[in-house]
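Q: I'm new to this one. Can you walk me through it?

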Amino acid sequence: MEQRLRFDAYVDRCLYDPEQGFYASGRGVAGRRGDFITSPEVGPLFGAVLARALDAWWRELGCPDPYVVIDAGSGPGTLQRSLELAAPACAAAWQLRSIDIADRNRNGASGADQLGSLEGSVVIANELLDNLPFRVLERTDSGWSEVYVVAMAEELVDTEAPAWAEALSVEPGQRIPVHDRAVRWVESVLDGGAARLVVFDYGEPATETLARRGGWLRTYRAHERGDDPYREPGSWDITTDVGFDQLPAPDGLVRQAEFLSRWGIDVLVEQGREYWTAHAARPDVAAFRMRSRLNEAAALLDPRALGNWLVAEWS
């Protein structure tokens, strides 16, 4: 990889090159035997809570039939299986579609861009935006520079930053991610007529916060987290915390713990506790699944991890 690449082009090649990219290698699989754990892989409780929300949104829309629900960036399809297991009232009308970000069509468009018709649909994107190629800018004494990659080393090139970046209070030497691709993706969903878009991801409401704390560039492989995007390119996932203020302004932005509480995770956990108590002497499969809700809830609500993820909603 000797040519000079802007950082987002480098990320795109490392992750999505059809022959040597991270996803082409068979990696990039969520789950305990994969490379990382997302909320659906914790267990079926996340899908059960989301099913309650989908049911309410269906009723708000007047109970359409069909009710199209799209899981964008679906990975192995764990979320869809959890939703089917939950079987809310709207399941009689819904059409569930899963789109894997790593898929490529004949024209080279990624799965993230292959949404098709969105009119009246609900689009769910769980940990999708962090995986869309992103630029990296560094504040200098004289302005902004952009990170390019040459022979696995960084080269800083003076650049004209977006207007919003010029307004940030960022110290020289601090860096920020620039989510051009994620912004375009959100805009395309909203312009495509979706009735609701719900995004779950790690990040901060303000890009300035990312600049101050650093550590927003992440790499993953086999549940090992790193911070060197130039280590064995194509063999590691490369992601970023999302600066949500760069996206079109959502109608709501809360932490995941608050979202799950709003849609009844406590009710589902209590149901699980009661079912287990009643069947503990002779437990069936359902009893073990119900008992697992207690541990799943602790992980999903953890303020140091998944509970601290952000949920943005556009409707």
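Predicted model: local features only at pLDDT ≥ 70, side-chain atom pairs only at ≥ 80, totals over all residues.

Q: Is aspartate 284 buried, exposed or partly exposed?
A: Aspartate 284 has a relative accessible area of 32%, so it is partly exposed.

Q: Which residues is aspartate 284 in contact with, leaving aside its neighbours within four places in sequence?
A: Tyr275 and His279.

Q: And how many Å separate the C-alpha atoms of aspartate 284 and glutamate 171?
A: They are separated by 58 Å. Along the chain, the two residues are 113 residues apart.

Q: Buried or partly exposed?
A: Serine 292 counts as partly exposed, at 24% relative accessibility. The cut-off for buried is under 20%.

Q: How many Å separate the C-alpha atoms of serine 292 and tryptophan 276?
A: The separation is 9.4 Å. They are 16 residues apart along the chain.

Q: What sits over the ring of tryptophan 276?
A: The charged end of arginine 291 does. Its distance from the ring centre is 4.4 Å.

Q: Which residue lies over the face of tyrosine 202?
A: Arginine 218, at 4.0 Å from the ring centre.

Q: On to ring pairs. How many aromatic pairs does a search of the whole structure find?
A: It finds 13. One of these pairs joins tyrosine 10 and tyrosine 230. Their ring centres are 5.5 Å apart and the planes are at 45 degrees, so the pair is tilted.

Q: Where do tyrosine 10 and tyrosine 230 lie?
A: Tyrosine 10 lies in helix H1, residues 7-16. Tyrosine 230 is in the loop between strand S12 (224-226) and strand S13 (237-240). The pair therefore ties together parts that are 220 residues apart in sequence.

Q: Are those two tyrosines buried or exposed?
A: Tyrosine 10 is buried, and tyrosine 230 is buried too.

Q: What about phenylalanine 134 and tryptophan 216: what kind of aromatic pair do they form?
A: An edge-to-face one. The rings are 6.5 Å centre to centre, with 75 degrees between the planes.

Q: Which parts does that pair tie together?
A: Two loops. Phenylalanine 134 lies in the loop between strand S4 (122-126) and strand S5 (135-139). Tryptophan 216 lies in the loop between helix H7 (207-213) and strand S11 (217-221). So the pair links parts that are 82 residues apart in sequence.

Q: Buried or exposed, those two?
A: Phenylalanine 134 has a relative accessible area of 1%, so it is buried. Tryptophan 216 is at 6% and also counts as buried.

Q: Which residues form one aromatic cluster?
A: Phe7, Tyr10, Phe134, Trp216 and Tyr230.

Q: New topic: helices. How do H3 and H4 pack?
A: Helix H3 (residues 45-60) and helix H4 (residues 78-86) pack at about 65 degrees, with their axes 8 Å apart. That angle makes H3 roughly perpendicular to H4.

Q: Left-handed or right-handed crossing?
A: H3 passes H4 in a right-handed crossing.

Q: Which residues make the contact?
A: From H3, Phe46, Gly47, Ala48, Leu50, Ala51 and Leu54. From H4, Leu79, Ser82, Leu83 and Ala86.

Q: And how do H3 and H9 pack?
A: H3 and helix H9 (residues 265-279) pack at about 125 degrees, and their axes are 10 Å apart. That makes H3 oblique to H9. H3 passes H9 in a right-handed crossing.

Q: Which residues are in that contact?
A: Leu45, Ala48, Val49 and Arg52 of H3 meet Ile265, Val267, Leu268 and Val269 of H9.

Q: Last topic, the backbone. Which peptide bond is cis?
A: The one from aspartate 65 to proline 66, with omega near 15 degrees. Proline 66 is in the loop between H3 and strand S2 (67-72).

Q: Why point that out?
A: Because most peptide bonds are trans. Most residues other than glycine also have a negative phi.

Q: What is phi for cysteine 63?
A: Positive, at about 55 degrees, although cysteine 63 is not a glycine. Cysteine 63 is found in the loop between H3 and S2. At 36% relative accessibility, cysteine 63 counts as partly exposed.

Q: And phi of alanine 87?
A: Near 50 degrees, also a positive value. Alanine 87 is in the loop between H4 and strand S3 (94-99).

How values were computed: Residues numbered from 1 in each chain as written. Heavy atoms only, no water. Phe/Tyr/Trp six-rings, centres within 6.5 Å; stacked < 30°, edge-to-face > 60°. Helix = DSSP H or I, 4+ residues; strand = E, 2+ residues; numbered from the N terminus. Buried < 20%, exposed > 50% of the residue type's maximum accessible area, 1.4 Å probe, protein only. Lys NZ or Arg CZ within 6 Å of the ring centre and 35° of its normal. Axes fitted to C-alpha atoms, helices over the stretch in contact; angles between N-to-C directions. Parallel < 35°, antiparallel > 145°, perpendicular 65-115°, else oblique. Left-handed = near helix turned anticlockwise from the far one by under 90°. Contact = heavy atoms within 4.5 Å.
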